[in-house]
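Welcome! Take a moment to look over the sequence and the 3D view, and then we will walk through them together.

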Amino acid sequence: MIELDGIPELADPVMVAAFEGWNDAGEAASNAVKHLAEAYAGGGRVFAALDGEDYYDYQVHRPVLAAVDDVRQVIWPTTRFSIVRAPTRLLPGDAHEEPRDLVLVHGVEPNMRWRSFCEEILGLARDLGVGQIVTLGAYLADVPHSRPTPVTGTSADEAYQALFDVEPPTYEGPVGITGVFQEACRYAGIPLMSFWAAVPHYVAHPPVPKATLALLRRLEDVLDLSVPTKRLAEEAQAWEAGVDELAENDAEVGEYVRTLEEQRDNEDAADLPEASGEAIAREFERYLRRQERRRGPDEG
């Protein structure tokens, strides 16, 4: 670990991590972390980075030359850590917002020594007093660009499953560094949630701002954050309009999109019975539990 600056004292820190590469279709997840780093006053202050020599093959992930403050420098692939202080949403009866520090982890999927890579990140999380970790990912899927972006949430923690309406992980098969990191968190006893956005495979060239926005909306919900997203929402709207135009001008693409839309609409219609009084009651119970969690046991 290379410390670039002193580690500050943090307020109720939560770690949010995303890794470029196999886990990051359309760069939706890594762009969500980048957005968080840039969205708040002062920006994300990078305070540490991993030593890239330990984890990266530079013939696979080549360094780049770039001008930084008018000075040409070699930028090496690595994983960097920054901090932003984000205001939480106001609850009824709150006099003011309570800030929460986000420890942002943004890097490239390593080429080697994955277990050591995860342990080094977890060591920093322990040093900072992080009590909660959220990983973000994105995958290619047969979903239409013109409908809300599906976001899947999972957690092995039963309390999180009840509190945040996420499912226990059931995936079996090849995994990227995000999946390995999730498993490392479970063994370390650090509660973790993971959210994955479905990116339309026919327009997956980055950026995909609509998928990034969907991940941030879900993050806002589970962490009770207020994330500035006006500019990103405008970019998402412009992106969708651009893909609409593509579909209008290409008969084959247009027909395929209409097929996906019909499938999605049929699935949504089949799910309508869930919008029952019982489902609404469950959602309200989750809301009350989250209020209790934020206020603490000794507050009214």
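## The chain as a whole

Two residues are in contact when heavy atoms lie within 4.5 Å. With that in mind, consider the contacts in this chain that have a separation of 6 or more: residues 24 or more positions apart account for 80% of them. Please remember that this is a predicted model.

The chain has 300 residues, and 43% of them are buried. Its elements are 8 helices and 10 strands.

In soluble globular proteins, nonpolar side chains tend to be buried together. Here, the largest nonpolar core holds 46 residues, and the members that touch the most others are Leu 36, Leu 102, Leu 136 and Leu 223. Helix 5 (residues 209-223) gives this core its largest share, 7 residues. Apart from this core lies another one of 29 residues, among them Ala 17, Phe 81, Ile 83 and Ile 190.

Which residues does Leu 36 touch, not counting those up to four places away in sequence? The partners of Leu 36 are Val 16, Val 84, Leu 102, Leu 104, Leu 216, Leu 219 and Val 227.

Thr 79 belongs to strand 6 (residues 79-87). Its relative accessibility is 0%, so Thr 79 counts as buried. The side chain of Thr 79 makes a polar contact with the side chain of Tyr 56, at 3.0 Å. Leaving aside neighbours within four places in sequence, Thr 79 is in contact with several residues, including Phe 19, Ala 49, Val 105, His 106 and Phe 117.

Ala 28 is part of helix 1 (residues 28-39). With 0% relative accessibility, Ala 28 counts as buried because the limit for that word is under 20%. Beyond the neighbours within four places in sequence, Ala 28 is in contact with Ala 138, Val 199, Val 208, Ala 211, Thr 212 and Leu 215. From C-alpha to C-alpha, Ala 28 and Ala 18 are 9.4 Å apart in space, and they are 10 residues apart in sequence.

## Salt bridges

Side chains of opposite charge can pair when their charged atoms come close. The structure holds 11 salt bridges. In one of them, the side chains of Arg 85 and Asp 101 meet at 2.7 Å, N to O. Arg 85 lies in strand 6 and Asp 101 in strand 7, so this pair ties together parts that are 16 residues apart in sequence. Arg 85 is partly exposed, at 45% relative accessibility, whereas Asp 101 is buried, at 2%.

Another salt bridge joins the side chains of Glu 240 and Lys 210 (2.9 Å, N to O). Because Glu 240 lies in helix 6 and Lys 210 in helix 5, this pair ties together parts that are 30 residues apart in sequence. Lys 210 is buried, with a relative accessible area of 14%. The side chains of Arg 231 and Glu 235 also meet in a salt bridge, at 2.7 Å, N to O. These two residues are 4 apart in helix 6, so about one helical turn separates Arg 231 and Glu 235. Arg 231 is partly exposed, at 45% relative accessibility, and Glu 235 is partly exposed, at 34%. Finally, Arg 147, Glu 261 and Asp 265 are linked in a network of salt bridges.

## Loops and backbone details

Is Arg 113 buried, partly exposed or exposed? At 43% relative accessibility, Arg 113 counts as partly exposed. Arg 113 lies in the loop between strand 7 (99-108) and helix 2 (114-128), and its phi is near 55°, a positive value in a residue other than glycine. Asp 224 is not a glycine either, and has a positive phi of about 55°. Asp 224 sits in the loop between helix 5 and helix 6 (230-249) and is buried, at 7% relative accessibility.

A cis peptide bond joins Pro 206 and Pro 207, with omega about 0°. Pro 207 is in the loop between strand 10 (192-200) and helix 5.

Trp 22, Tyr 171 and Val 175 make a nonpolar surface patch of about 380 Å². Val 175 is in the loop between helix 3 (158-164) and helix 4 (177-188). The relative accessible area of Val 175 is 42%, so this residue is partly exposed.

Technical notes: Residues are numbered from 1 along each chain as its sequence is written. This is a predicted model: local features need pLDDT of at least 70, side-chain atom pairs count only at pLDDT 80 or more; totals for chains, interfaces and linings use all residues. Side-chain values use heavy atoms; hydrogens and water are left out. Buried means under 20% relative accessible area, exposed over 50%, partly exposed in between (1.4 Å probe, protein chains only). A polar contact is a pair of N or O atoms within 3.5 Å; within protein, one must be able to donate a hydrogen and the other to accept it, and residues adjacent in sequence count only if both atoms are side-chain atoms. A nonpolar core is a set of buried Ala, Val, Leu, Ile, Met, Phe, Trp, Tyr and Cys residues joined through side-chain atoms within 4.5 Å. Patches are made of residues with over 30% relative accessible area and no salt bridge: like charges are joined within 9 Å, nonpolar side chains (Val, Leu, Ile, Met, Phe, Trp, Tyr) within 5 Å. Accessible areas come from the Shrake-Rupley method with a 1.4 Å probe; for residues, only the protein chains shown count as cover. A salt bridge is a side-chain nitrogen of Lys or Arg within 4 Å of a carboxyl oxygen of Asp or Glu.
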